[in-house]
Amino acid sequence: MMSISDPSIYLLILLGGAFLGAFVQGATGFGSGLIINAFWLHIMEPAYAIPLNVVTSLFISGIPIYKLRKKLDFSKLKQFAIFGIIGIPIGMFFLVISDPSKLKFSIGILLVVYALIMLKINTFSIKVNNNSINNLVGFISGIIGGLTALLGIIPVAWFSIQRLPKNTKRGTYEPFIFITSVVAILSFTFAGLFKIEMFFDLLKTIPAVVVGSWLGINIYNQINEDLFRKTVLALILISGLFLII
């Protein structure tokens, strides 16, 4: 559903969000949902943008997982994903009953708060090996994912403050995004939120997703992680502010 009148601008923002989301995801293992929301919520209503975002994020996260499968550590994934799956239908329910303008504003606030917290996390760390806390984090992640398509926002923050090895963090939150995206798609389908227009928009994004993922994956082992991280967070912060104002 277009909320702007110029199809060329719509297409530019659609493809730009898909490309940058795929590039960031390929390079860091997270961020596709954040980047896509930051772009697409300016041209689509949440009930259209969020299901489309989830489907796109499924492809975006799947490509790097396959390419990097021999490097990643999946040991912490199972239990975290189970509780995330439980939370998704709850988040989807809130999406259905939410007011679109208030939801856009709320997502903008969430993006801004997330970016500011993550910028501070670089100087803060904590070691937690409590299953109950991890289960709760997974559950909350599922709720937020079903409501906003930001399936990785809580896992990335949670594992970042624990200072786990890069391949362990990525081997947990990126497959988590993939698995919960599948469940979210099934939930959205059951709720009748998918529209035929989404299929055509998805087809348009495929070249941008493939190229963005390829570029991101190829710089995964070469990037200055801290500089890239701060650049992405700055982009998320600015985009969130635009959604608020």
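Contact, as the word is used in these exercises, means heavy atoms within 4.5 Å. The structure is a predicted model, and every exercise below is to be worked on that model.

**Exercise 1. The overall fold**

Task: Determine which secondary structure elements build the protein, and judge how its radius of gyration relates to the globule rule.

Solution. Begin with the elements: the secondary structure comes to ten helices and zero strands, and from the N terminus on the order reads α-α-α-α-α-α-α-α-α-α. Next, take the radius of gyration, which is 17 Å and lies close to the 18 Å that the globule rule gives for 245 residues, so the protein is as compact as a globular protein of that length. For the outline, the C-alpha atoms fill a box of roughly 50 × 35 × 35 Å, taken along the principal axes. Then turn to burial, where the buried residues make up 52% of the 245 residues. Finally, look at the contacts with a separation of 6 or more, of which 87% are accounted for by residues 24 or more positions apart.

**Exercise 2. The packing of α3 and α8**

Task: Describe how α3 and α8 cross, and state what kinds of residues make up their contact.

Solution. Two packed helices are described by the angle between their axes and the distance between the axes. Here the axes of α3 (residues 46–67) and α8 (residues 166–190) come within 9 Å and cross at roughly 140°, and the crossing is left-handed. On the α3 side, the residues in contact include Ile50, Val54, Leu58 and Ile65, while those on the α8 side include Arg170, Phe178, Ala184 and Phe188. Sorted by kind, the residues of this contact divide into 14 nonpolar, four polar and two charged.

The helix α3 can also be examined by itself, since 17 of its 22 residues are buried and it is mostly covered. Its 22 residues should span 32 Å at 1.5 Å a residue, which agrees with the 31 Å between its end C-alpha atoms.

Ala184 counts as buried because its relative accessibility is 0%, and, leaving aside neighbours within four places in sequence, Ala184 is in contact with Val54 and Ile88. Ser187, likewise placed in α8, is buried with a relative accessible area of 13%; not counting residues up to four places away in sequence, Ser187 touches Ile88, Pro89 and Met92.

**Exercise 3. Helix α2 and Ala18**

Task: Explain why α2 is described as largely enclosed, and name the residues that Ala18 is in contact with.

Solution. Helix α2 covers residues 32–40, and eight of its nine residues are buried, so α2 is largely enclosed by the rest of the structure. Among the buried residues of α2 are Gly33, Asn37 and Trp40. Ala18, which lies in α1 (residues 7–28), counts as buried at 0% relative accessibility. Leaving aside neighbours within four places in sequence, Ala18 is in contact with Trp40, Ile60, Thr205, Ala208 and Val209. The C-alpha atoms of Ala18 and Gly33, 15 residues apart along the chain, are separated by 9.4 Å.

How values were computed. Residues are numbered from 1 along each chain as its sequence is written. This is a predicted model: local features need pLDDT of at least 70, side-chain atom pairs count only at pLDDT 80 or more; totals for chains, interfaces and linings use all residues. Side-chain values use heavy atoms; hydrogens and water are left out. Axes are lines fitted to C-alpha atoms, for helices over the stretch in contact, and angles run from 0 to 180 degrees between N-to-C directions. Helices (H or I, at least four residues) and strands (E, at least two) are DSSP runs, numbered from the N terminus. A crossing is left-handed if the near helix is turned anticlockwise from the far one by less than a right angle, and right-handed if clockwise. Ala, Val, Leu, Ile, Met, Phe, Trp, Tyr, Cys and Pro count as nonpolar, Asp, Glu, Lys and Arg as charged, and the others, Gly among them, as polar. The expected span of a helix is 1.5 Å times one less than its number of residues. Buried means under 20% relative accessible area, exposed over 50%, partly exposed in between (1.4 Å probe, protein chains only). The radius of gyration is taken over C-alpha atoms; the globule rule is 2.2 Å times the number of residues to the power 0.38.
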